[in-house]
Amino acid sequence: MTLNYLKPEPVLTILVLLCAIIFVGAIGYLLYRIRDDDKNLNRLILISMLFIFLIVALIWLKLVPQTQVSDFKTFWTKAPKALAGKSIFSYDNDYFAKWAYQTGFLVYVMTVVKIFGEHVFAIQFLNIIYQVLILYLTYLISMQIFNKVKVARLTVFVLMIDLDWFALNSQADNQYIGMLLFMLTFYLIMQDKYWTYILAGLTLAIGSIVRPIGPVVIAGIIVYGLLYLFISKGKFSWMGIVKVVITLVIYQMIFSGASLAIKNSGLNSYGLTNRDSEWKFVVGLDANSSGSYDQGMVNRFDLKASRNKMSAKEYKVIHENVNNLNATHGWLKLFWQKNRTLWAGRSMAIDFTGFDTIHSLKMTNLVKLLGYMGSVILIVFSWIGSIRLFRLKLDNNKIFLVILPLMAYAVVQLLIEVQGRYRLEFLPIVAILAGLGLYSCCDFIKLKRETK
């Protein structure tokens, strides 16, 4: 915040920050003060919040161009061609050849185009629907963990006002549909019934097919199963592990089946594999770019070369990066910079919308600042919520089901390529902590007022 905003525009930054704090504090306290013992009133407030978000999200679509950029453009332009029977890659080092696991989301985009035609609004509107459902799921998961309506309300509130989180709904982005399915997986596991574990396997598999970060979610679920299901009330519970195994087996069957189906269909002969896992480490271990995307690094490679030649060069560069980090004792510095980029820097989500192409520089910078303030509010209140957790006696361990995958993701990002927008799918989990943090602040204010 200091580097990007306070140094170049201190007055505007402080003014916007104060306005953001006042706005969040006022609306948050209002939601806190509204009674929560009336189920109909609770539903009305939740529906009203979701409806307001829906309207704002639709207005946002009118403020950004319809143009698709970066990887999103690749999905959108390839889908109609694939439907026409054309190959989705030209050589064995092309986008969908080396990153074949992205074919799952391409199938989704193809389905949308097949049903609604080549109208980008269809995929944009579906993104908004997914966002509304994500907000609803954060509400339900917060209720599962804390069993407090007011905490759940505030969780939805701090997430829905984060422009950085919802800005990419204008793009053919797989983060929102993936986020929705992973959040649904967590909610189903929290129900702790055999049929919900079966459904969790289904949602986990589909989520991994369209957004290939399933392994970190699985890692968190496995650790949660070993720590809190296998050992229940001080005793070993084999049935707890059996339930998790059911989820993982169904996941593996569906994911493998989808990969085989894509391969046999002729859409992608490589199925859902990742044939270029090295690239993430080429960038992620580059101290010069702090582990972020760098065009200079890309220019060192001949992207038209065969996969074998490209892979050999990638391994060579990875060894160079590792040797450089060892020689300069730069590992800790690199990890710190990458952690800062992922969780403290701008998400760059607004940059990927092309907002600057149809608006003035002044308006673009203001909107980016507003978007960043949403992230600042979310992160700061999540700190407070995390501290409150140490003093809070919960009746269950469900909080760890969402925190452990978050931790697994944070650790993995220390090694591979990192971008600010990669945090988007885990912001609902951060929001759950932030909702508790905002609730704690409102509790403190109420206590002080009553004391006076």
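Which handedness does the crossing of α7 and α8 have? The crossing of α7 and α8 is right-handed. The model is a predicted one.

**Two helix pairs**

Two packed helices are described by the angle between their axes and the distance between the axes. The table sets out two such pairs.

| Helix pair | Axis distance | Crossing angle |
|---|---|---|
| α7 (residues 120–146) and α8 (residues 149–160) | within 8 Å | roughly 145° |
| α11 (residues 194–210) and α13 (residues 238–265) | within 8 Å | roughly 35° |

Take α7 and α8, whose axes cross at roughly 145°. From α7, the contact draws on L135, T138, Y139, S142, M143 and F146. From α8 come V149, V151, A152, R153, T155, V156, L159 and M160. Sorted by class, this contact has ten nonpolar, three polar and one charged residues.

Next come α11 and α13, with axes that cross at roughly 35°. α11 passes α13 in a right-handed crossing. On the α11 side, the contact is made by Y194, Y197, I198, A200, G201, L202, L204, A205, S208 and I209. On the α13 side, it is made by M239, K243, V244, I246, T247, I250, Y251, I254, F255 and A258. The class count for the contact of α11 with α13 is 16 nonpolar, three polar and one charged residues.

**The chain as a whole**

The protein chain has 20 helices and two strands. Its radius of gyration is 23 Å, close to the 22 Å that the globule rule gives for 452 residues, so the chain is as compact as a globular protein of that length. Along the principal axes, the C-alpha atoms fill a box of roughly 75 × 60 × 55 Å.

**The largest pocket**

Rolling a probe the size of a water molecule over the atoms shows where empty space is left. The largest pocket has a volume of about 1,200 Å³. It is lined by 44 residues, and the closest to its centre are W99, Y101, Q102, K280 and Y422. Several elements give two or more residues to this lining: α4 (70–83), α5 (95–98), α12 (214–229), α13, α14 (278–284) and α19 (399–412). The most comes from α4, with four residues. By class, the pocket lining has 25 nonpolar, eleven polar and eight charged residues.

**The cavity**

How many cavities of 30 Å³ or more does the structure hold? The structure holds one. About 50 Å³ of space lies in the largest cavity. Its lining is made up of M179, F182, M183, F186, I213, V217, E425, F426 and I429. Helix α10 (residues 175–191) gives the most to this lining, with four residues. By class, the cavity lining has eight nonpolar, no polar and one charged residues.

Notes. Residues are numbered from 1 along each chain as its sequence is written. This is a predicted model: local features need pLDDT of at least 70, side-chain atom pairs count only at pLDDT 80 or more; totals for chains, interfaces and linings use all residues. Side-chain values use heavy atoms; hydrogens and water are left out. On a 1 Å grid over the protein atoms alone, a cavity is a set of points where a 1.4 Å probe fits but cannot get out, and a pocket is an open set with protein on both sides within 12 Å along at least five of seven lines; lining residues have an atom within 4 Å of a point. Grid points are joined across faces, edges and corners, and a volume is the space filled by probe spheres set on the points. Ala, Val, Leu, Ile, Met, Phe, Trp, Tyr, Cys and Pro count as nonpolar, Asp, Glu, Lys and Arg as charged, and the others, Gly among them, as polar. Axes are lines fitted to C-alpha atoms, for helices over the stretch in contact, and angles run from 0 to 180 degrees between N-to-C directions. A crossing is left-handed if the near helix is turned anticlockwise from the far one by less than a right angle, and right-handed if clockwise. Contact means heavy atoms within 4.5 Å. The radius of gyration is taken over C-alpha atoms; the globule rule is 2.2 Å times the number of residues to the power 0.38.
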